[in-house]
Amino acid sequence: MRLAILGLLLLAGCQSQPCRPLQPSLDPAPLMADVEALSAPSMAGRRPGTPGHQLAQQYIIAGFLRQGFWVKRQAIAEGGHNIIAWRGQPKLWVLAHYDHLGPGYPGADDNASGVAVLLALARALPARDIALIATDSEERGLFGAKALLAAPPLTLPKLVINLDMVGRGPVLFGAGTKDNPMLAPLVAAVAAKAPLCFKPGHDQRQQQQGSSLYTDWRQASDHAPFRQAHIPYLYLGNDTHSDWHNRTDTADRLNPVFLAGAAQTTLMLINLLDDNTLASWQGD
């Protein structure tokens with residue numbers, strides 16, 4: 001408990017600190033190549049059940065197989081499939097949905113950016129026990145995430161990290177510390193050294209000034225079913241923007257350096273989460 005309180009105090013401090021310049025050491029080029037491929041016209045918006053959606057599946061599966069992961073598909077409703085890549089007996093699952101709205105909607109930030117980070121993690125974690133899961137049918141109602149809980153393809157995790165819209169910036173938010181205070185020290189430690197502006201937030205109902213919209217992300221993406229199942233989660237994403245769910249969400253509007261910083265920040269989080277730490281959360 002004292003560690004969690006310390007973490008919350010550190011979080012309050014990092015929220016008030018100015019953001020440092022983008023300084024990732026990861027090469028943005030491979031990440032952008034994945035975004036451009038997944039948001040290309042041939043993918044036709046990655047709507048489940050379409051040929052473009054099948055092309056996206058093949059692309060993602062090939063990326064995982066190249067890095068030596070075990071890979072399987074999990075069928076879900078309306079022609080969708082989750083893609084599960086794993087090593088060992090993972091206590092940590094990292095999710096990113098790969099579906100989108102269909103022809104004319106490239107979905108570069110939403111969520112080719114998150115899938116690009118998944119593929120970067122596959123390249124960067126050669127020996128870690130981990131599950132990297134490209135979820136499907138998020139846009140239609142979080143059906144892929146719900147299927148993971150209804151029929152778990154692996155032993156359920158101790159923690160879920162969900163990546164959804166991580167390619168634009170200027171801030172990468174980590175939502176989940178309010179529901180899961182034991183994550184507060186982790187987020188604070190990474191925020192102090194992250195190669196971008198990484199802040200906790202978006203996990204309480206708080207009306208935006210001059211708007212009827214709310215900033216609460218706890219139910220906003222594929223982490224929500226895990227939250228309802230009382231499985232700890234951390235949701236990483238930048239704010240919504242005018243290109244969200246529009247035809248203008250194209251790869252050229254992403255910030256490649258921010259995307260690389262988001263991937264590196266996710267790696268930093270994972271590298272601080274050893275299996276003993278995750279196992280200690282039993283019963284939280």
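A residue counts as buried when its relative accessible area is under 20%. That cut-off is used in the views below, which show a predicted model.

**View 1. Strand β5, a covered strand.**
Strand β5 spans residues 159–163. How many of its residues are buried? The count is 5 of 5, and the strand is mostly covered. Look at its two faces in turn. On one side sit Leu 159, Ile 161 and Leu 163.

**View 2. Strands β3 and β5, a parallel pair.**
Strand β3 covers residues 92–97. β3 pairs with β5 in the parallel sense. The pairing runs over 4 bridges.

**View 3. Strands β5 and β8, another parallel pair.**
β8 is made of residues 233–237. β5 and β8 run parallel, and 4 bridges join them. Two facing pairs can be picked out here. Val 160 has Tyr 233 of β8 as its bridge partner. Asn 162 stands opposite Tyr 235 of β8.

**View 4. Strand β8, enclosed on both faces.**
Why is β8 described as largely enclosed by the rest of the structure? The reason is burial: 5 of the 5 residues of β8 are buried, so the strand is largely enclosed. Tyr 233, Tyr 235 and Gly 237 lie on one side. Leu 234 and Leu 236 lie on the other. Both faces of β8 are covered.

**View 5. Strands β6 and β8, an antiparallel pair.**
Strand β6 holds residues 171–175. Do β6 and β8 run parallel or antiparallel? They run antiparallel, joined by 3 bridges. Find Ala 175, which stands opposite Tyr 235 in β8. Tyr 235 also stands opposite Asn 162.

**View 6. Helices α3 and α4, a crossing of two helices.**
Helix α3 runs over residues 51–66 and helix α4 over residues 108–124. Their axes come within 9 Å and cross at roughly 20°. Angles under 35 degrees count as roughly parallel, so α3 is roughly parallel to α4. The crossing of α3 past α4 is left-handed. Which residues make the contact? From α3 come Tyr 59, Ile 60, Gly 63 and Phe 64. From α4 come Val 115, Leu 118, Leu 119 and Ala 122. Of these contact residues, 7 are nonpolar, 1 is polar and none is charged.

Terms used
Residues numbered from 1 in each chain as written. Predicted model: local features only at pLDDT ≥ 70, side-chain atom pairs only at ≥ 80, totals over all residues. Heavy atoms only, no water. Buried < 20%, exposed > 50% of the residue type's maximum accessible area, 1.4 Å probe, protein only. Pairing = 2+ DSSP bridges. Axes fitted to C-alpha atoms, helices over the stretch in contact; angles between N-to-C directions. Parallel < 35°, antiparallel > 145°, perpendicular 65-115°, else oblique. Left-handed = near helix turned anticlockwise from the far one by under 90°. Contact = heavy atoms within 4.5 Å. Nonpolar A, V, L, I, M, F, W, Y, C, P; charged D, E, K, R; others polar.
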